[in-house]
Amino acid sequence: MTIQLPDSSGVLRAYEPRQEPLAVTSGTPFTSRTVFSAAHVVADPFADTSPDSPAAVDWDATLAFRRHLWSHGLGVAEAMDTAQRGMGLDWAGAAELIRRSAAEAKAVGGRIACGVGTDQLTGPASLADVQAAYEEQLALVEESGAQAILMASRALAAVAKGPEDYLEVYGHLLRQVTEPVVLHWLGPMFDPALEGYWGSSDLDAATDTFLEVIAAHLDKVDGIKVSLLEAQREIDIRRRLPQGVRCYTGDDFNYPELIAGDDQGFSHALLGIFDPLGPLAAEAVRVLDTGNTAGFRELLDPTVELSRHLFQTPTRFYKTGVVFLAWLAGHQAHFTMVGGLQSARSLPHFARAYQLADGLGLFPDPKLAEERMKNLLALYGVTQ
């Protein structure tokens, strides 16, 4: 049995789907690495909304997906970029997501960290406004019992005049947090509004600034998530971090080598690609826990082609592919996204994502995935 898939030039080519999924098992949390999967939200397909409307979320399906990730030993990084934060999910929706997910984590014993940002600011803001917005969100996350991730702020990037403003804002926040937080450096490929974050477009100068922030508040920083898609730069940053401060890779292009590490250290993980890769990624990390780095790489290296495809330029639309694969895998009953973002990628892009994911054995029910892919193709006028 084959399925006709359009390639990048629009030509239909026959593909023979896999018949059996990759065999993976649920398991306990990991021992050698701290690993978070950023998780997507499931839209309510029956809500009468427009792309400009507040997000309508299917809470049952959204929380069920988090239980799926926890069941494999992964932590959940909640209300982050992968959850369409600032791209369909506003602060009111993110706040509700944090409350519900943190309560669910407590109920099932899952690890959770939640994004703290400033996205309630919708117009011009001062540094004082930015600090107040961060404080409001930080209070909610701490009240929920989750770990805080201090996300990069569009509002801060817009108002800051230089490194000293970042030092002031982050210093103010870190002096008041009750538990160590994760700092977050999201590059402009993920969000163009974050160009020049930490006070400079020179990445070496920007690195010096956040290292200064960390050095001044060592007891308040668990680690930093680096999403710059440059493996060597992350390695260089990792080697400069003070002892006890973790580097969480957010590099969806080079994560196997960064997590595996070298004789001078390794990265932990906080990755959007671990949303669709969850069970396979967990299996790989458990192999790494035994000290079998080669076995870890053997499992995870083949997934990079899929990840690079999903995160191709414009990188910020990777969420569309993530939700598409969740639909094919049976984690949700529809391919609808908040903000209408299901339209952000092309049919050839979806076809290639399906082929790569199927080849990895990511779909628990390959036949269901094939049927859903055929349904999507039919909507675009492709008959089998």
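Q: What makes up the largest share of the lining of the second largest pocket?
A: That's helix 9, with six residues. Helices (H or I, at least four residues) and strands (E, at least two) are DSSP runs, numbered from the N terminus. Bear in mind that this is a predicted model, where local features need pLDDT of at least 70 and side-chain atom pairs pLDDT 80 or more, while totals for chains, interfaces and linings use all residues. Residues are numbered from 1 along each chain as its sequence is written, and side-chain values use heavy atoms, with hydrogens and water left out.

Q: What makes a residue part of that lining, and which ones lie nearest the centre of the second largest pocket?
A: A lining residue has an atom within 4 Å of a pocket point; on a 1 Å grid over the protein atoms alone, a pocket is an open set of points with protein on both sides within 12 Å along at least five of seven lines (a cavity is a set where a 1.4 Å probe fits but cannot get out). Here 21 residues line the pocket, and Pro 276, Pro 279, Leu 362, Phe 363 and Pro 364 sit nearest its centre. Two or more lining residues come from each of helix 1 (59-71), helix 9 (274-289) and helix 12 (318-328).

Q: How much space lies in the largest pocket, and which residues are closest to its centre?
A: It's about 400 Å³, a volume being the space filled by probe spheres set on grid points joined across faces, edges and corners. Of its 24 lining residues, Gly 86, Asp 119, Ala 152, Arg 154 and Asp 191 are closest to the centre. Helix 4 and strand 7 each give two or more residues to this lining, with helix 4 giving the most, at four.

Q: Why is Arg 85 called buried, but Asp 119 partly exposed?
A: Buried means under 20% relative accessible area, exposed over 50%, and partly exposed in between (1.4 Å probe, protein chains only). Arg 85 has 7%, so it is buried, whereas Asp 119 has 25% and therefore counts as partly exposed.

Q: What makes the salt bridge of Asp 191 and Arg 154 a link between distant parts of the chain?
A: Their closest N and O atoms are 2.6 Å apart. Asp 191 is in the loop between strand 7 (181-186) and helix 6 (203-216) while Arg 154 is in helix 4 (residues 154-159), 37 residues apart. Asp 191 is buried because its relative accessibility is 11%; Arg 154, at 40%, is partly exposed.

Q: How do you know that Glu 370 and Lys 374 are about one turn of the helix apart?
A: They lie four residues apart in helix 14 (residues 366-379). At 4%, Glu 370 is buried, but Lys 374, with 23%, is partly exposed.

Note on methods. Salt bridge = Lys/Arg side-chain N within 4 Å of Asp/Glu carboxyl O.
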